[in-house]
Amino acid sequence: MLRSFLISSFVLALVAHFLLPMPAPTSAAATLPVAGQFTALPYTKPLDLHKDRGDYQPPEDFPEPYQFSMYGQVAPRLWHGLGAKIGVPRPTLILLHGSQRTGASMVDMWSDTARRHNLILIAPNSAAPEGWNHQADGPAFLDALLKEASKTYPIDMENIYIMGHSAGGIFAQQLANRQTGPWKAVVTHGAAMNTDDIRPAQTPVPIFAFIGDQDHLFPLPNTTEVSQALSQAGHDVTLVQISNHDHWYYKIAPQIAADMWAYLKETG
């Protein structure tokens, strides 16, 4: 009896092995994020693209920067701000400057748009003049910066955005892709992070990348490849292509700032 039972059990198991559907194997692809939407658009508004190659400097009468001491950093951190100091909480833009610049240059580029749209601008200086890094300038610093700036400006902590140019734009894309923070969307000019550094986004935020088709530092084909890779990582990415424009930001910035803000505002 026992022998017959064991033989029958073996036969039934053998039949089940070949006839019943096998469970789907767990694959790495199942853990990948859902790809975001990639859109490439031309910038269609008329622009003054005169290549003024003078060494741009912020206005001499620009206010002195604020400073605060952050735990773990020896030197005080400097930042510039612009906006109403009383009233209801307002949308706030963190501005990240290019290499060898300061936050003052970014506030200068965005001041007209900020006043027209009741924005608050917060523009820190990077810890090192050549650019930004995640240890000194990452989410912990930006969180401390917002808390410090909120002592002066009525910041709406539910409406925080990041804009970065060049080195600051690369850092902004890295923050969007590899870090978690309060920012709801990111916009960049003249920037493309390394595709090898792109990771599946844990909390993907929209990215808007403005690029000139004559940018010699970030050629359009490379920027397009990076934008598509960020989309595959989970971000909705809009690539805005500006004809006959190169990397020089300080002529074009006041002309495109309002359109950058329009993109950011839509995400809110």
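## Cavities

Two cavities of 30 Å³ or more are counted in this predicted model. The second largest cavity holds about 30 Å³ of space. Its lining is made up of Gln173, Ala191, Ala192, Ile207, Ala209, Thr223, Val226, Ser227 and Leu230.

Two elements, strand S8 (207–212) and helix H6 (220–232), each contribute at least two residues to the lining of the second largest cavity. H6 gives the largest share, four residues. By residue class, the lining of this cavity has six nonpolar and three polar residues, and no charged ones.

## Helix H5: Ala176 and Asn177

Helix H5 spans residues 167–178 and includes asparagine 177. Alanine 176 is also in helix H5.

Alanine 176 has a relative accessibility of 2%. Because this value is under the 20% limit, alanine 176 counts as buried. Beyond four places in sequence, alanine 176 is in contact with Trp183, Val186, Thr203, Val205, Ile207 and His235. Ile207 is also one of the residues that line the second largest cavity. For alanine 176 and valine 186, which are 10 residues apart in sequence, the C-alpha to C-alpha distance is 6.9 Å.

Asparagine 177 has a relative accessible area of 4%, and is therefore buried. Not counting residues up to four places away in sequence, asparagine 177 touches Met193, Asp197, Ile198, Arg199, Ala201, Leu230, Ala233 and His235. Among these, Leu230 also belongs to the lining of the second largest cavity. His235 is a contact of asparagine 177 and also of alanine 176.

Glutamine 179 lies in the loop between H5 and strand S7 (183–189). How accessible is glutamine 179? Its relative accessibility is 25%, so glutamine 179 counts as partly exposed; the limits for that class are 20% and 50%.

Leaving aside neighbours within four places in sequence, the contacts of glutamine 179 are His134, Pro139, Gln174 and Thr203. With histidine 134 there is a polar contact of 3.3 Å between the two side chains. The C-alpha atoms of glutamine 179 and glycine 138 are 8.3 Å apart, although the two residues are separated by 41 residues along the chain. Thr203, a contact of glutamine 179, is likewise in contact with alanine 176.

Which strands pair with S4? Strand S4 (residues 90–96) is joined to S6 by six bridges, and these two strands run parallel. S4 also pairs with strand S5 (residues 120–124), in the parallel sense and over three bridges. In the pairing with S5, leucine 93 has leucine 121 as its bridge partner.

Strand S6 (residues 155–165) pairs with S7 as well, in the parallel sense over five bridges. Isoleucine 160 takes part in both pairings of S6: it is the bridge partner of threonine 92, and its own bridge partner in S7 is tryptophan 183.

S4 is mostly covered, with six of its seven residues buried. For S7, too, six of the seven residues are buried.

Key. Residues are numbered from 1 along each chain as its sequence is written. This is a predicted model: local features need pLDDT of at least 70, side-chain atom pairs count only at pLDDT 80 or more; totals for chains, interfaces and linings use all residues. Side-chain values use heavy atoms; hydrogens and water are left out. Buried means under 20% relative accessible area, exposed over 50%, partly exposed in between (1.4 Å probe, protein chains only). Contact means heavy atoms within 4.5 Å. On a 1 Å grid over the protein atoms alone, a cavity is a set of points where a 1.4 Å probe fits but cannot get out, and a pocket is an open set with protein on both sides within 12 Å along at least five of seven lines; lining residues have an atom within 4 Å of a point. Grid points are joined across faces, edges and corners, and a volume is the space filled by probe spheres set on the points. Ala, Val, Leu, Ile, Met, Phe, Trp, Tyr, Cys and Pro count as nonpolar, Asp, Glu, Lys and Arg as charged, and the others, Gly among them, as polar. A polar contact is a pair of N or O atoms within 3.5 Å; within protein, one must be able to donate a hydrogen and the other to accept it, and residues adjacent in sequence count only if both atoms are side-chain atoms. Two strands pair if DSSP finds at least two bridges between them.
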